[in-house]
Amino acid sequence: MLEQISPTALWAITGIILIIIEVFTGTFAVLFFGLAALLVAALKFFGLNNITLELIIFGLSGLSGLLLFRKKFAANFGASKNFSADAGHHVVLNENIVPGNVGTVDYQGTKWTVVNADTRALNAGEKVVISKTEGTKLFVTGN
């Protein structure tokens, strides 16, 4: 089946897959290689037909984008790894959560994953306090 797909389509599919991976990781590392693969797909569409040159363009443009723009993208679009400003804020649970289990809350206009860091069960509709965060998980305790 793979031999039935054109090399241009393979580069485009690779680029799309890398960009999708970036959406889930949020590292701004894979993004530039996804864009580089799409660039090679576009160049192939317009006539490039040299695998060595394609790989060089892919590698150099992906690495260049990574080195030149990653920090800027991460600063402008990336979520901070430290959500300490959120500690102490109150949120209302969407569901019952036993200690150590996860649930959801609506916070800052979106659904967030919460972990019950309390020693007792927390109930849906209960106002709880964010005690800490790790990535996009909020650890909550009762009042």
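I started at Gly-103 and listed its contacts, leaving aside neighbours within four places in sequence: Glu-95, Ile-97, Trp-112, Thr-113 and Val-114. The model is a predicted one, and I read it as such. I then asked which strand holds Gly-103. Gly-103 is found in E2, the strand of residues 102-107. Is Gly-103 buried or exposed? I noted a relative accessibility of 5%, so Gly-103 counts as buried; the cut-off for buried is under 20%. I also checked a distance along the chain. Asn-49 is 54 residues away from Gly-103 in sequence, and I read 51 Å between their C-alpha atoms.

**The sheet**

Next I followed E2 into its sheet. What is the order of the strands? I read E1-E4-E5-E3-E2, an open sheet of 5 strands with mixed pairing. E2 is an edge strand, and so is E1 (90-92); each of the two pairs on one side only. I noted an average twist of 50° from one strand to the next.

I went through the pairings from the E1 side. E1 and E4 are antiparallel, with 3 bridges. I found Val-91 opposite Val-128 of E4. Val-92 sits opposite Lys-127, also of E4.

How many bridges join E4 to E5? I counted 5 bridges here, and the two strands run antiparallel. E4 covers residues 127-134. I looked up two facing pairs. Ile-130 stands opposite Val-140 of E5. Glu-134 stands opposite Lys-137 of E5.

E4 and E5 form a hairpin, with 2 residues between the strands. Gly-135 takes a positive phi, near 65°.

In which sense do E3 and E5 pair? I read a parallel pairing over 4 bridges. E3 spans residues 110-116, and E5 spans residues 137-141. As a bridge to look at, I picked Val-115, whose partner in E5 is Phe-139.

I turned to H1 and H2. H2 covers residues 30-45, and I read an angle of about 160° between the two helices, with the axes 7 Å apart. That angle makes H1 roughly antiparallel to H2, because angles over 145 degrees count as roughly antiparallel. Which residues make the contact? From H1 I noted several, among them Pro-7, Trp-11, Ile-16, Leu-18 and Glu-22. From H2 I noted others, including Val-30, Phe-33, Leu-38, Lys-44 and Phe-45. I sorted the contact residues by type: 16 nonpolar, 4 polar and 2 charged. I also looked up the handedness. The crossing of H1 and H2 is left-handed.

**Ile-20**

My last stop was Ile-20. Its place is in H1, which spans residues 7-25. Why does Ile-20 count as partly exposed? Its relative accessibility is 43%, so Ile-20 falls in that class, which lies between 20% and 50%. Val-30 is 10 residues away from Ile-20 along the chain, and their C-alpha atoms are 9.2 Å apart.

How values were computed
Residues numbered from 1 in each chain as written. Predicted model: local features only at pLDDT ≥ 70, side-chain atom pairs only at ≥ 80, totals over all residues. Heavy atoms only, no water. Buried < 20%, exposed > 50% of the residue type's maximum accessible area, 1.4 Å probe, protein only. Pairing = 2+ DSSP bridges. Axes fitted to C-alpha atoms, helices over the stretch in contact; angles between N-to-C directions. Parallel < 35°, antiparallel > 145°, perpendicular 65-115°, else oblique. Left-handed = near helix turned anticlockwise from the far one by under 90°. Contact = heavy atoms within 4.5 Å. Nonpolar A, V, L, I, M, F, W, Y, C, P; charged D, E, K, R; others polar.
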